[in-house]
Amino acid sequence: MTHTRHDMKKIYGLQYLRGLAAIGVVTAHATGRYGAPWVPGAAGVDLFFLISGFIMVLITPAGSSPVRFLLDRFSRVVPLYWLATTVMLLGTWLHLFPRVTLSLKYVVLSYLFIPAQAPGSQEILPILPQGWTLNYEILFYFVLLLLLLLSIRHIVLVLTAALVAAVTAGVALTPSDPILLTWTSPLLLEFLAGAWVALCWQRFQFPKSSVGIILVGAAIVIFLLAPPTEAPQRVINFGIPALLLLVGTLTFEPLISTRLRCRLPILLGDASYSIYIWHSFVISTTIPVFRVLGLKGSVAVLSAICLACGTGILSYYLLERPFLALIRHTRSRGESRI
């Protein structure tokens, strides 16, 4: 069975994984703030990168309009991130985040998704800390946009050559500049792996769910045993099990789409971006509140996770979804006039 772009408009297994990735990141950060970080949750970022590579190949075949691709990606990612960055900026000016140091250059680069070293720190982070992953996302989108502008037919093959060349250059040159360090990071290979999975999904029959059980089981074991590391080791410790989890979950898609379709995991998948964007605010603000209320340990952590997910869901319904609907309505009206 070959899966085409037309008969797989919504892959429910991907929604489950997006929700899982968001909850993983929230859990890692919440447990970390309370002194006992749950390391496997951080792999949610790697899973996000793989899913992004997968989805972009499915929705962006050769010959797609570069303008439409740019507008779609901009409206999907940028406004909510800019809003959260502005909230973070205002909070810093109001001394709500005393550990954050600002400079004009740093602020501008944060809004433009250009990697920069945070003032007074050795870390390469934007004003909104979790935005470091979006610096990789935007780079990946930019490379795809360039391929569309050049009317490249075999997008995945050329994408492979470009990203492998970039990573190879990074390994050979070991740059220290924040931009070059990010733009040649081995983490780019996770987007590439997702792209190849999508290509296989489109052209070949996927393994049976019995194989998927083995893949998912192996992924869980590796996640639980893998130590926390940075790139390039992170690509092995987190990227490989995330890849196994992605492929394993896709083998269950016929079952998920017919018998295991549940509203809550689908909702968490839909709201995963909003959850990811806002969760650090919720976790930071609940810590002093929980101290006053006397909440400690696992109760405080679980409460912070639930509040972070709930806030993200509210953001999805009140901000993200209405804005995207407005963009689609505006575009359809514009196209109807042509």
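User: Leaving out neighbours within four places in sequence, which residues is Gly24 in contact with?

Analyst: Contact here means heavy atoms within 4.5 Å. With those neighbours set aside, Gly24 touches Gly41 and Ala42. Before we go on, a word on the source: this is a predicted model, where local features need pLDDT of at least 70, side-chain atom pairs count only at pLDDT 80 or more, and totals for chains, interfaces and linings use all residues. Residues are numbered from 1 along each chain as its sequence is written, and side-chain values use heavy atoms, with hydrogens and water left out.

User: Where does Gly24 sit, and is Gly24 buried or exposed?

Analyst: Helices (H or I, at least four residues) and strands (E, at least two) are DSSP runs, numbered from the N terminus. Gly24 belongs to helix α1. For accessibility, buried is under 20% relative accessible area, exposed is over 50%, and partly exposed is in between (1.4 Å probe, protein chains only). Gly24 has a relative accessible area of 10%, so Gly24 is buried. Its C-alpha atom is 7.4 Å from that of Pro40, a residue 16 places away along the chain.

User: On to charges. How many salt bridges are there?

Analyst: The rule is a side-chain nitrogen of Lys or Arg within 4 Å of a carboxyl oxygen of Asp or Glu. That gives three salt bridges. Take Asp270 and Lys10, whose side chains meet at 3.6 Å, N to O. Asp270 is in helix α12 (residues 263-270) and Lys10 in the segment before α1 (12-33), so to speak a link between distant parts of the chain, 260 residues apart. Asp270 counts as buried at 17% relative accessibility, while Lys10 is partly exposed at 38%.

User: What does Arg234 pair with?

Analyst: Arg234 pairs with Asp46, and their closest N and O atoms are 2.9 Å apart.

User: How many disulfides does the structure hold?

Analyst: A disulfide is a pair of cysteine sulfur atoms within 2.5 Å. The structure has zero of them. For Cys262, the closest cysteine sulfur is in Cys309, 17 Å away, and that is too far for a bond. Cys306 is in no disulfide either, with the sulfur of Cys309 its nearest at 6.8 Å. Cys262 is partly exposed at 40% relative accessibility, and Cys306 is partly exposed at 49%.

User: Last one: at what angle do the axes of α5 and α6 cross?

Analyst: Axes are lines fitted to C-alpha atoms, for helices over the stretch in contact, and angles run from 0 to 180 degrees between N-to-C directions. Helix α5 (residues 132-149) and helix α6 (residues 155-173) cross at roughly 125 degrees, their axes coming within 11 Å. Under 35 degrees is roughly parallel, over 145 roughly antiparallel, 65 to 115 roughly perpendicular and the rest oblique, and α5 is oblique to α6. Residues making the contact include Phe140 and Leu144 of α5 and Val158 and Leu159 of α6.
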